[in-house]
Amino acid sequence: MLLEYQHYLMAHRLRALLGGRLTPTALLSLPEYASRRIMRQDLARQMITRASPPEAMKSLDRLTDELMFGFWLNPGEVTAFLRAAIRQGSHPALGEPQAFAQLLSSSERARLGEDGVERVCRYYLTCLHLASPGVDPHALEHIFERLEAAVPPLFADELQSPSETVPAQ
């Protein structure tokens with residue numbers, strides 16, 4: 001769950017950086033995210049068992065959008081996001097590791113170190129390549145192999161206890 005929340009944080013930061021139509025809803029704290037994630041899971045379970053009220057699909061879609069659930073690992077979501085980002089003029093953070101690294105706080109960068117920052121950037125920028133299967137049918141398999149080999153560590157400030165935070169430099 002913590003890695004999922006960290007993925008949410010990174011998607012939120014990237015969407016906030018790009019702004020415009022990509023601007024996300026308000027940032028959820030970890031407890032808020034967990035609560036909504038449980039709600040989404042319950043709705044999905046109800047839909048599978050067909051015990052869901054008629055408005056359940058709309059609620060499930062709303063929660064999926066709010067949580068940016070699957071944002072990084074869903075090729076359809078990545079493709080739609082990149083198309084929207086390109087329509088808005090794109091951004092260097094969508095392809096340049098140094099620009100993407102600016103999404104990390106100074107304490108996160110300090111905690112990760114240079115190699116860790118590089119690993120995090122490589123992971124998330126590889127996720128953005130999930131939009132490429134339309135070009136190369138074998139691309140998706142290779143991309144998931146790269147992702148599995150590069151899962152980032154937990155690093156987000158919001159996941160650290162107060163005694164573990166590194167002072168801003």
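Biologist: Tyr-5 and Tyr-33, buried or exposed?

Modeller: Both Tyr-5 and Tyr-33 are buried. Keep in mind that this is a predicted model.

Biologist: What is the geometry of the rings of Tyr-5 and Tyr-33?

Modeller: The ring centres of Tyr-5 and Tyr-33 are 5.3 Å apart. Their planes sit at 65°, so the pair is edge-to-face. Tyr-5 is in helix α1 and Tyr-33 in helix α2, 28 residues apart, so to speak a link between distant parts of the chain.

Biologist: How do the axes of α1 and α2 cross?

Modeller: They cross at roughly 105° and come within 11 Å. That makes α1 roughly perpendicular to α2.

Biologist: Which residues meet there, α1 against α2?

Modeller: From α1, Leu-2, Glu-4, Tyr-5 and Tyr-8. From α2, Leu-30, Tyr-33 and Arg-37. By class, that contact has 5 nonpolar residues, 2 charged and no polar ones.

Biologist: Glu-4 and Arg-37, then. How do their side chains meet?

Modeller: In a salt bridge, 2.6 Å from N to O. Glu-4 belongs to helix α1 (residues 2-18) and Arg-37 to helix α2 (residues 30-48). The two are 33 residues apart, and the pair links distant parts of the chain.

Biologist: Why does Arg-37 count as buried?

Modeller: Because its relative accessible area is 13%, and buried means under 20%. Glu-4 has 22%, so Glu-4 is partly exposed.

Biologist: How many salt bridges in the whole structure?

Modeller: The search finds 8. One of them joins Arg-13 and Glu-158, at 3.3 Å from N to O.

Biologist: Where do Arg-13 and Glu-158 lie?

Modeller: Arg-13 is in helix α1, and Glu-158 is in the segment after α7 (139-149). They are 145 residues apart, another pair that links distant parts of the chain. Arg-13 is buried at 18% relative accessible area. Glu-158 is partly exposed at 35%.

Biologist: What about Asp-42 and Arg-45?

Modeller: Also a salt bridge, 3.0 Å from N to O. They are 3 residues apart in helix α2, so about one helical turn separates them. Asp-42 is partly exposed, with a relative accessible area of 34%. Arg-45 is partly exposed too, at 44%.

Biologist: Which residues do salt bridges with shared partners join into one network?

Modeller: Arg-13, Glu-108 and Glu-158.

Biologist: Back to aromatics. How many pairs does the structure hold?

Modeller: It holds 9 aromatic pairs. Phe-100 and Tyr-124 form one that is stacked, 5.9 Å centre to centre with 25° between the planes.

Biologist: Which helices does that pair tie together?

Modeller: Phe-100 lies in helix α5 (residues 97-101) and Tyr-124 in helix α6 (residues 106-128). So the pair ties together parts that are 24 residues apart in sequence.

Biologist: Phe-100 and Tyr-124: buried or exposed?

Modeller: Phe-100 is buried, at 0% relative accessibility. Tyr-124 is buried as well, also at 0%.

Biologist: Which residues do ring pairs link into a cluster?

Modeller: Phe-71, Trp-72, Phe-81, Phe-100, Tyr-123 and Tyr-124.

Biologist: And His-7, what does that residue touch?

Modeller: His-7 touches Trp-72, Tyr-123 and Tyr-124, leaving aside residues up to four places away in sequence. His-7 lies in helix α1. At 13% relative accessibility, His-7 counts as buried.

Biologist: Where does Met-68 lie?

Modeller: In the loop between α3 (56-67) and α4 (75-87). Met-68 is buried, at 9% relative accessibility.

Biologist: And Ser-90, what is its phi?

Modeller: Near 65°, a positive value in a residue other than glycine. Ser-90 is in the loop between α4 and α5.

Biologist: How does Ser-90 count by relative accessibility?

Modeller: Ser-90 counts as partly exposed, at 35%.

Key
Residues are numbered from 1 along each chain as its sequence is written. This is a predicted model: local features need pLDDT of at least 70, side-chain atom pairs count only at pLDDT 80 or more; totals for chains, interfaces and linings use all residues. Side-chain values use heavy atoms; hydrogens and water are left out. A salt bridge is a side-chain nitrogen of Lys or Arg within 4 Å of a carboxyl oxygen of Asp or Glu. Helices (H or I, at least four residues) and strands (E, at least two) are DSSP runs, numbered from the N terminus. Buried means under 20% relative accessible area, exposed over 50%, partly exposed in between (1.4 Å probe, protein chains only). Axes are lines fitted to C-alpha atoms, for helices over the stretch in contact, and angles run from 0 to 180 degrees between N-to-C directions. Angles under 35 degrees count as roughly parallel, over 145 as roughly antiparallel, 65 to 115 as roughly perpendicular and the rest as oblique. Contact means heavy atoms within 4.5 Å. Ala, Val, Leu, Ile, Met, Phe, Trp, Tyr, Cys and Pro count as nonpolar, Asp, Glu, Lys and Arg as charged, and the others, Gly among them, as polar. Rings of Phe, Tyr and Trp (its six-membered ring) pair if their centres lie within 6.5 Å; planes under 30 degrees apart count as stacked, over 60 as edge-to-face and the rest as tilted.
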